[in-house]
Amino acid sequence: EFMQAFWDIEEVQAKAIQRLASFVRDESALPYLLTFTELTIFAMKTHVDSLKLQVDGYSLLLEILNEALEQDVVMPMDENVTRSLLDTVRKYSENEELISLVCTLLMMISASEVAAENLWKAGVIPDLLSILRNFLHNEKICFSCCGVLWSLAVSENVDQASLKSAVPVTCAVLQEHLQNGTVAESACSALWALSLQGCLTENEYETTTALLLDALRMNLERPVLVKNACLALASLLRLSEISALRFIMDSKGSGINLIKDAYHLHFDDPEVVGNICLLINEMVQYEDVVLDMLSQRMDKLLSEIKTCSPSS
């Protein structure tokens, strides 16, 4: 009631947001999380020119959403919320702190099919790509944006033309953050989804394959990255022999050796083994790859997988 009575007074709204943030994690606040969200968004839209209020508001929204997820409370994020997020992105496109908060929130809500559809309607892809180009150095922003791209690419009613423009930017993210396993995992996942949607051009097959192999080499101990990279590579090999040939003849070493190493590191992880098998299934489409597999005794590895992981 206090917030509603003084909508037009920025200082009142700012203090109210700070007050809400102080007890949002109390159990007694749980039934009011949706109301808190609506009040905060309205305050931010009313005082859109106040950078501090925007930062405090989005910090509170993240707290609310985290609390809702922890308590298994469904928080509907309608078109009004997604438009508000994108309005902020467009107005404060150069403010790294605020953009980081907004991108984290976008990633969290984009997992919802309804929110993903609203983001598509609002035309979010050019905004995401612009953010990635401007803040390529920022690990948190890159991680979040790649997460949003993945959610959008696997949602219904995909605009393939828009997604095609995301491929070179996503590759740039992976190249920039090869040594950061968390960001690389997110970028590999986005590339997998983009390849599944047929967004890569023939000119991008070879370089993307090489980049995914680099990601594997530098992060072979990370099971999530291995799973994502194997899925992305399998998708690329399904599409083109160019990718298959690069896979076995990469200048930094054959992908077959990488697959062997990945298996020996993660043989006890059924999901990793399953994704390695999916990749192998695509590899055997091509005669040159099969010959290379035989010369490197991949038959021995397959026998071991069959014995140790029959479900794969």
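**Entry: Arg-297**

I started at Arg-297, which sits in the loop between helix H18 (287–295) and helix H19 (298–308). The model is a predicted one, and I read it as such. Arg-297 has a positive phi of about 55 degrees, although it is not a glycine. I checked the background: most residues other than glycine have a negative phi. I then looked up the exposure of Arg-297. Its relative accessibility is 47%, so Arg-297 counts as partly exposed.

**Entry: Asn-157**

I turned to another non-glycine residue with a positive phi. Asn-157 has a phi of about 55 degrees. I found Asn-157 in the loop between helix H9 (139–153) and helix H10 (160–164). Is Asn-157 buried or exposed? Asn-157 is exposed, because its relative accessibility is 60% and the cut-off for exposed is over 50%.

**Entry: the whole chain**

I stepped back to the overall fold. I count 19 helices and 0 strands in the protein chain. The C-alpha trace spans about 75 × 40 × 30 Å along its principal axes. Of the 312 residues, 52% are buried. Taking contacts between residues at least 6 apart, 74% join residues at least 24 apart.

**Entry: the core and Phe-247**

I looked for the largest nonpolar core next. It has 106 residues. Those with the most contacts inside it are Tyr-58, Leu-152, Leu-174, Phe-247, Leu-279 and Met-283. As a general note, nonpolar side chains tend to be buried together in soluble globular proteins.

What does Phe-247 contact, leaving aside its neighbours within four places in sequence? I listed Thr-209, Leu-213, Leu-233, Leu-237, Ser-254, Gly-255, Ile-256, Ile-259, Leu-279 and Met-283. Two of these names, Leu-279 and Met-283, I had already noted among the core residues with the most contacts.

**Entry: Val-289**

I went back to H18 for Val-289. Val-289 has a relative accessible area of 1%, so Val-289 is buried. Beyond residues up to four places away in sequence, Val-289 touches Ala-244, Ile-248, Ile-256 and Met-283. Ile-256 and Met-283 are also on my list for Phe-247. Val-289 and Asp-269 are 20 residues apart along the chain, and their C-alpha atoms are separated by 26 Å.

I moved to helix H11 (residues 166–176). Its buried residues are Ala-166, Val-167, Val-169, Thr-170, Cys-171, Val-173 and Leu-174. Which helices do they pack against? I noted helix H8 (124–134), H9, H10, helix H12 (181–196) and helix H13 (202–218). Leu-174 is also one of the core residues with the most contacts.

I followed the chain into the loop between H11 and H12, where His-177 lies. The relative accessibility of His-177 is 5%, so His-177 counts as buried. I looked for a partner to the His-177 side chain. It reaches the backbone oxygen of Leu-136 at 2.7 Å. Not counting residues up to four places away in sequence, His-177 touches Leu-136, His-137, Asn-138, Glu-139, Cys-142, Val-183 and Ala-184.

**Entry: Asn-228**

I checked Asn-228 in helix H14 (residues 223–239). Why does Asn-228 count as buried? Its relative accessibility is 13%, and buried means under 20%. With residues up to four places away in sequence left out, Asn-228 touches Glu-185, Cys-188, Ser-189 and Trp-192.

**Entry: the largest pocket**

I looked up the largest pocket. It holds about 210 Å³ of space. There are 14 lining residues, and those closest to the centre are Leu-65, Met-75, Met-108, Ile-109 and Ser-112. The elements giving two or more residues to the lining are helix H4 (51–70), helix H6 (96–110) and helix H7 (113–121). H4 gives the most, with 3 residues. I sorted the lining by type and got 13 nonpolar, 1 polar and no charged.

**Entry: Ser-59**

I stayed in helix H4 and looked at Ser-59. Its relative accessible area is 29%, so Ser-59 is partly exposed. The side chain of Ser-59 reaches the backbone oxygen of Val-55 at 2.8 Å. Last, I checked Ser-59 against Leu-105. The two are 46 residues apart along the chain, with C-alpha atoms separated by 9.2 Å.

Key
Residues are numbered from 1 along each chain as its sequence is written. This is a predicted model: local features need pLDDT of at least 70, side-chain atom pairs count only at pLDDT 80 or more; totals for chains, interfaces and linings use all residues. Side-chain values use heavy atoms; hydrogens and water are left out. On a 1 Å grid over the protein atoms alone, a cavity is a set of points where a 1.4 Å probe fits but cannot get out, and a pocket is an open set with protein on both sides within 12 Å along at least five of seven lines; lining residues have an atom within 4 Å of a point. Grid points are joined across faces, edges and corners, and a volume is the space filled by probe spheres set on the points. Helices (H or I, at least four residues) and strands (E, at least two) are DSSP runs, numbered from the N terminus. Ala, Val, Leu, Ile, Met, Phe, Trp, Tyr, Cys and Pro count as nonpolar, Asp, Glu, Lys and Arg as charged, and the others, Gly among them, as polar. Buried means under 20% relative accessible area, exposed over 50%, partly exposed in between (1.4 Å probe, protein chains only). A polar contact is a pair of N or O atoms within 3.5 Å; within protein, one must be able to donate a hydrogen and the other to accept it, and residues adjacent in sequence count only if both atoms are side-chain atoms. Contact means heavy atoms within 4.5 Å. A nonpolar core is a set of buried Ala, Val, Leu, Ile, Met, Phe, Trp, Tyr and Cys residues joined through side-chain atoms within 4.5 Å.
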